[in-house]
Amino acid sequence: MFDLEKFKGIIVALYACYDEEGNVDALRVKKLARHYADKGVKGLYVGGSSGEGMLQTAAERKVVLEAVMEEVGSELTIIAHVGSASTRESVGLAKHAESAGADAISAVPAIYYRLSPASVERHWQEMIDSTSLPFIIYHIPQTTGFQLQADLLAKMAAQDKVIGVKISSESTYELQQFKAIGGPDFLVLNGPDEQYLAGRSIGADGGIGGTYGVMPELFLKVESCYREGLMDEARKWQFNINEIIKGLLSFPSLYGACKAVLRLQGVECGEPRLPLLPVSDADHGRIVLLHKQIHEYTEAALASVKA
Ligand SMILES: CC(=O)N[C@@H]([C@@H](O)[C@H](O)[C@H](O)CO)[C@@H](O)CC(=O)C(=O)O
């Protein structure tokens with residue numbers, strides 16, 4: 001029913017872009033989206049965790065998606081994360097995503113209230129029924145508190161429109177089990193970037209990640225090595241990636257650190273929205289070092305393609 005191939009590969013979870021006053025900046029969104037299109041990634045995941053969708057109003061989220069669609073909608077696979085605290089708002093965002101031309105919608109379980117599986121099912125179902133787009137479940141229990149169980153996943157996966165799950169929990173066993181439940185025609189997309197290769201090796205069809213955004217070439221390199229069966233080589237690049245991620249995670253906010261690195265790479269996204277913290281002046285030197293390290297690994301990855 002749907003072309004699943006276009007969801008397989010490296011999909012960057014797009015960072016939020018703000019101006020100096022902290023307002024959503026559509027021009028910066030476009031420049032960031034263009035930056036990734038030019039790097040050759042498969043697609044963008046818009047308005048998720050890295051996209052700070054939960055910190056933005058519905059109107060702002062629509063502006064972001066429209067900017068992305070305008071700039072790269074005809075070149076990349078665009079997945080719109082439409083989850084929010086209420087089903088009503090999520091359905092409104094889902095309908096907007098369809099009218100904007102997104103390739104798929106995706107959503108976390110509703111946040112804040114501790115919800116029963118029946119409630120989460122209804123929440124997702126309302127979104128699924130509101131458009132003709134395919135739907136990708138976003139499983140991220142460490143932030144939502146909702147642990148997706150096998151029976152609900154099986155029920156959801158049985159629907160044609162539910163094409164996959166983005167799994168950000170850190171268990172590759174769970175990833176493999178989800179794939180087994182969904183079957184070969186059900187996408188499982190790796191969430192923990194530190195485990196991209198492990199996820200691929202155990203059944204993931206690709207990945208959606210936030211840290212891809214500061215080093216897309218390295219993830220593209222792991223992916224191409226994996227596809228060519230060069231596992232030692234793939235592992236080497238994944239280990240380099242993990243050194244960078246360890247550095248990024250040592251800052252008070254991962255997204256603040258990623259945006260500070262991107263700034264040094266020549267792409268301005270502004271600061272993350274509070275309560276997510278920007279990088280302090282005292283920490284700037286560590287960002288410079290990380291940027292240098294990413295640059296060196298990226299140059300090496302690009303050189304090894306040419307060699
Ligand atoms: C918990 C979390 O934020 N996970 C991230 C990863 O990209 C994560 O930042 C990375 O693996 C570093 O830990 C993604 O799975 C989330 C994501 O893709 C998103 O921005 O929606």
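**Exercise 1.** Determine the handedness with which H2 passes H3 and the relative direction of the two helices.

*Solution.* In this predicted model, the crossing of H2 past H3 is right-handed. The axes of H2 (residues 58–72) and H3 (residues 87–100) come within 10 Å and cross at roughly 20 degrees. Angles under 35 degrees count as roughly parallel, so H2 is roughly parallel to H3. On the H2 side, the contact is formed by Ala58, Arg61, Lys62, Leu65, Glu66 and Met69; H3 contributes Glu89, Gly92, Leu93, His96, Ala97 and Ala100. By class, this contact of H2 with H3 comprises six nonpolar, two polar and four charged residues.

**Exercise 2.** Describe how H6 and H7 pack, and classify the residues at their contact.

*Solution.* The axes of H6 (residues 150–157) and H7 (residues 172–182) lie 9 Å apart, at an angle of about 40 degrees. H6 is therefore oblique to H7. Their crossing is right-handed. From H6, Ala150, Leu153, Ala154 and Ala157 meet Phe178, Ile181 and Gly182 of H7. The contact of H6 with H7 has six nonpolar residues, one polar residue and no charged ones.

**Exercise 3.** State how many residues surround the ligand and which are the closest.

*Solution.* The ligand is surrounded by 18 residues. The closest are Ala13, Gly48, Ser50, Gly191 and Gly210. The shell divides into eight nonpolar, eight polar and two charged residues.

**Exercise 4.** Report the confidence scores of the model.

*Solution.* The chain has an average pLDDT of 97, and 99% of the residues score at least 70. The ipTM is 0.97 and the pTM is 0.97.

Definitions and conventions
Residues numbered from 1 in each chain as written. Predicted model: local features only at pLDDT ≥ 70, side-chain atom pairs only at ≥ 80, totals over all residues. Near = placed C-beta within 6 Å. Nonpolar A, V, L, I, M, F, W, Y, C, P; charged D, E, K, R; others polar. Axes fitted to C-alpha atoms, helices over the stretch in contact; angles between N-to-C directions. Helix = DSSP H or I, 4+ residues; strand = E, 2+ residues; numbered from the N terminus. Parallel < 35°, antiparallel > 145°, perpendicular 65-115°, else oblique. Left-handed = near helix turned anticlockwise from the far one by under 90°. Contact = placed C-beta atoms within 7 Å. pLDDT = per-residue confidence, 0-100.
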